[in-house]
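User: I would like to learn how to read a model like this one, feature by feature. Can we go through it together?

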Amino acid sequence: MTVPTPEAPYGVDPLGRPYSDKSKIVAGILQLFLGTLGIGRFYVGSVGVGVAQLLTCGGLGVWALIDGILFLTSNDRTDKQGRVLRG
């Protein structure tokens, strides 16, 4: 475990990338239940993708479902600042 620094207040992952203040679990659950509105994407700061999901109803639900599963299972999802999601 590394000591938090101003550049990485939530620590760093094993590859040395700083963790985000956002959680991949929260993002995934928001995307699964409210993905047709793009809420999971808005949560992590992906406003453009969130608007696209909002306008297409989450790709008629398919895009939102796949995106939610990927948020929950991937270790490489990042927030708007490029920091890896915690969780």
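User: In which hand does helix 1 pass helix 5?

Analyst: The crossing of helix 1 and helix 5 is left-handed. Keep in mind that this is a predicted model.

User: How is such a pair of helices described in general, and what are the values here for helix 1 and helix 5?

Analyst: Two packed helices are described by the angle between their axes and by the distance between the axes. Here the partners are helix 1, residues 24-34, and helix 5, residues 62-73. Their axes come within 8 Å. They cross at roughly 165 degrees. Angles over 145 degrees count as roughly antiparallel, so helix 1 is roughly antiparallel to helix 5.

User: Which residues of helix 1 and helix 5 make the contact?

Analyst: Helix 1 contributes Lys24, Ile25, Ala27, Gly28, Ile29, Gln31 and Leu32. From helix 5 come Ala64, Leu65, Asp67, Gly68, Ile69, Phe71, Leu72 and Thr73.

User: How many residues of each class are in the contact of helix 1 with helix 5?

Analyst: Sorted by class, the contact has 9 nonpolar residues, 4 polar ones and 2 charged ones.

User: What is the phi of Leu60, and where does Leu60 lie?

Analyst: Leu60 is not a glycine, yet its phi is positive, about 60 degrees. Leu60 lies in helix 4. Its relative accessible area is 76%, so Leu60 is exposed.

User: Next, the loop between helix 5 and strand 2. Is Arg83 buried or exposed?

Analyst: Arg83 lies in that loop, with strand 2 spanning 84-86. Arg83 is buried, because its relative accessible area is 19% and the cut-off for buried is under 20%.

User: What does Arg83 touch, leaving out residues up to four places away in sequence?

Analyst: The partners of Arg83 are Pro18, Tyr19, Ser20, Asp21, Arg77 and Thr78. Also look at Val12. Arg83 and Val12 are 71 residues apart in sequence, and their C-alpha atoms are 9.2 Å apart.

User: Where does Pro9 lie, and how far is it from Leu30?

Analyst: Pro9 is in the segment before strand 1, which covers 19-23. Pro9 and Leu30 are 21 residues apart in sequence and 24 Å apart in space, C-alpha to C-alpha. Pro9 has a relative accessible area of 43%, so it is partly exposed.

User: Finally, the whole chain. How many helices and strands are there, and in which pattern?

Analyst: The protein chain has 5 helices and 2 strands. Along the sequence the pattern reads β-α-α-α-α-α-β. The C-alpha atoms fill a box of roughly 45 × 20 × 15 Å along the principal axes.

User: What share of the residues counts as buried, and what does the accessible surface come to?

Analyst: Of the 87 residues, 31% count as buried. The accessible surface comes to about 5200 Å². Carbon and sulfur atoms account for 69% of that surface.

User: And among contacts between residues at least 6 apart in sequence, what share joins residues at least 24 apart?

Analyst: That share is 51% in this chain.

Key:
Residues are numbered from 1 along each chain as its sequence is written. This is a predicted model: local features need pLDDT of at least 70, side-chain atom pairs count only at pLDDT 80 or more; totals for chains, interfaces and linings use all residues. Side-chain values use heavy atoms; hydrogens and water are left out. Axes are lines fitted to C-alpha atoms, for helices over the stretch in contact, and angles run from 0 to 180 degrees between N-to-C directions. Helices (H or I, at least four residues) and strands (E, at least two) are DSSP runs, numbered from the N terminus. Angles under 35 degrees count as roughly parallel, over 145 as roughly antiparallel, 65 to 115 as roughly perpendicular and the rest as oblique. A crossing is left-handed if the near helix is turned anticlockwise from the far one by less than a right angle, and right-handed if clockwise. Contact means heavy atoms within 4.5 Å. Ala, Val, Leu, Ile, Met, Phe, Trp, Tyr, Cys and Pro count as nonpolar, Asp, Glu, Lys and Arg as charged, and the others, Gly among them, as polar. Buried means under 20% relative accessible area, exposed over 50%, partly exposed in between (1.4 Å probe, protein chains only). Accessible areas come from the Shrake-Rupley method with a 1.4 Å probe; for residues, only the protein chains shown count as cover.
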